[in-house]
Amino acid sequence: MQALVPVLLSEARRHRVSLGVLFAVIALAALIVGVLWPKKYDASVTILAQESSIITPLMEGAATPTGTANRAGIARAVIFSAKVMDEILVAGGWMATHPSAIEQDRIIDGIKGRTTIRFGRDNLITISYHDVDPKRAYIVTRQFGQLFISESLASKQRESRDAYEFINGQVETYREKLTTAENKLKEYREANVDARPGSEADTASRISQLRTQVENAHMDLMEKRSQEASLVAQLSGESEISSVQTVEGVYHAQLADLQTQLDKLLMTYTSEYPDVVRVRHQMQDLRQQLAQSEQRKQSARLAGTPTTIDNNAKFNPLYQQLKSQLSALRGDIAATNARMAASQTMLQAELERSKRIAGSENATSELTRDYDVNRDVYQDLLKRRENARVSMNLDAGQRGLTFVVQNPAVMPLTPSGLRFMHFGLAGMLLALAAPCGLLFTIARFDPRVRSAEQLERLTGLTTLATVPFYSTPQDQRKGRLQNMAVALTVAGVFAAYAILFWLKLRGMA
């Protein structure tokens, strides 16, 4: 290292002009870059998105406020929207020169590149912007904050209003669907009388009742026919006349009595009533007996047999009682037959009705299911519409999510980033380091021999003598001129630095 120092000094004297020029070029280049380097003034605004308020617990479940995460997620889209950027161009003064559409797009791209949006903890949103003009940086940043708040609140209001209008449209749609389903169900039930709730159960109960009636009537009929057979057997063993009496008179008396009973019954019941049918059958039997009696008399008269029974003749009372019981029993049998036939007819009608109800059950179930589904959806939409109405009113009154300017934008007084002083110091250090580095490189890697010690080390031989360099007066004058040129160059550089630093200080003052 000690052997390298004389070499460095020798090379420095030899290339002092080149090194001075290199020093001046680097220093002045750094100075020029520092002068031309644009200043950057930063301004920022911090906005706090407040979600909790006294309204929130009171309206819990009845309204759906817009979440903070959603607002932070669309912050960049809101700030860089076309509407906001148009207002920023006006606020920043860029529109004063009436730029074309292409120039406006270029300016907007530059503004977006100089704008930074950060999302911090506790729902803090920071908007930063830097510009060469401190006043414009302040105005643009403040305008960004105001437009972000106004556009976010307007977006909340539009969102809640659009949600309300959408749900309201769905309510009207499902109201029409519900009315249509209700009308279809009503029309189907009017066209199919049996397709009503509970018809199937009523029909089943009616069928069971009619079957019981038919079975009871059948059992009653069998019992009465057995009684009829018994009475016929008893009647066959009795004499019709126990004393002399006119048979026709008895028949006529019985007919008159039955006619009286029939007239009374017809005043209350219809001709199909079982008692009316029974009385008519009894009267028919008496008329047949009366006709048979007349035929017997006529036959006896033709045969010459005396058949006249005077008025003192009497019928056998037991025979007449059995005859009357048989006649009444036959009337009951006829009435039971009529009742059983009527019950069977009604049973058949109910069975046919049951088939019709079973056939219409699927259609009724489908119409009812459609009606129930539309009704449930409609009622749910009504509740949601009221919740959306409350949310819309909250957003309209700015009672939900609110924005507070935590740190407002202020006018930047000093530029940020690299300044003239930084470039000056860096240029001076680089101007000093570059010649030193160049000298070291030449001395270290140049293969030429520059000293006796280097020659002995390379050859291994002993140096007997060295011949020193002798400068002529011309060389001395040339050296002095070069030294003067280097001194003037360095002095000029320092003077330029001093003047520009002084001007910068005057400009800042």
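These are my notebook entries on what I looked up in this predicted model.

**Ground rules.** I number residues from 1 along each chain as its sequence is written, and I leave out hydrogens and water, using heavy atoms for side-chain values. Because the model is predicted, I note that local features need pLDDT of at least 70 and side-chain atom pairs count only at pLDDT 80 or more, while totals for chains, interfaces and linings use all residues.

**Overview.** I find 15 helices and four strands in the protein, taken as DSSP runs numbered from the N terminus (helices H or I, at least four residues; strands E, at least two). Buried residues make up 30% of the 509 residues, where buried means under 20% relative accessible area, exposed over 50% and partly exposed in between (1.4 Å probe, protein chains only).

I88 returns in the largest nonpolar core, where, of 28 residues, I88, I111, F144 and F148 touch the most other members. A nonpolar core here is a set of buried Ala, Val, Leu, Ile, Met, Phe, Trp, Tyr and Cys residues joined through side-chain atoms within 4.5 Å. I note that α8 gives the most to this core, with seven residues.

**Strands.** Strand β2 (residues 115–119) pairs with β3 in the antiparallel sense over five bridges, pairing being called if DSSP finds at least two bridges between two strands. Strand β3 (residues 124–131) has six of its eight residues buried.

**Salt bridges.** I count twelve salt bridges in the structure, each a side-chain nitrogen of Lys or Arg within 4 Å of a carboxyl oxygen of Asp or Glu. I checked D220 with R339, whose closest N and O atoms are 3.6 Å apart; this pair links distant parts of the chain, D220 lying in helix α9 (residues 199–236) and R339 in helix α12 (residues 317–396), 119 residues apart. D220 is partly exposed, with a relative accessible area of 22%, and R339 is also partly exposed, at 36%. Within helix α12, E386 and R389 lie three residues apart, about one turn of the helix, and form a salt bridge with closest N and O atoms 3.3 Å apart.
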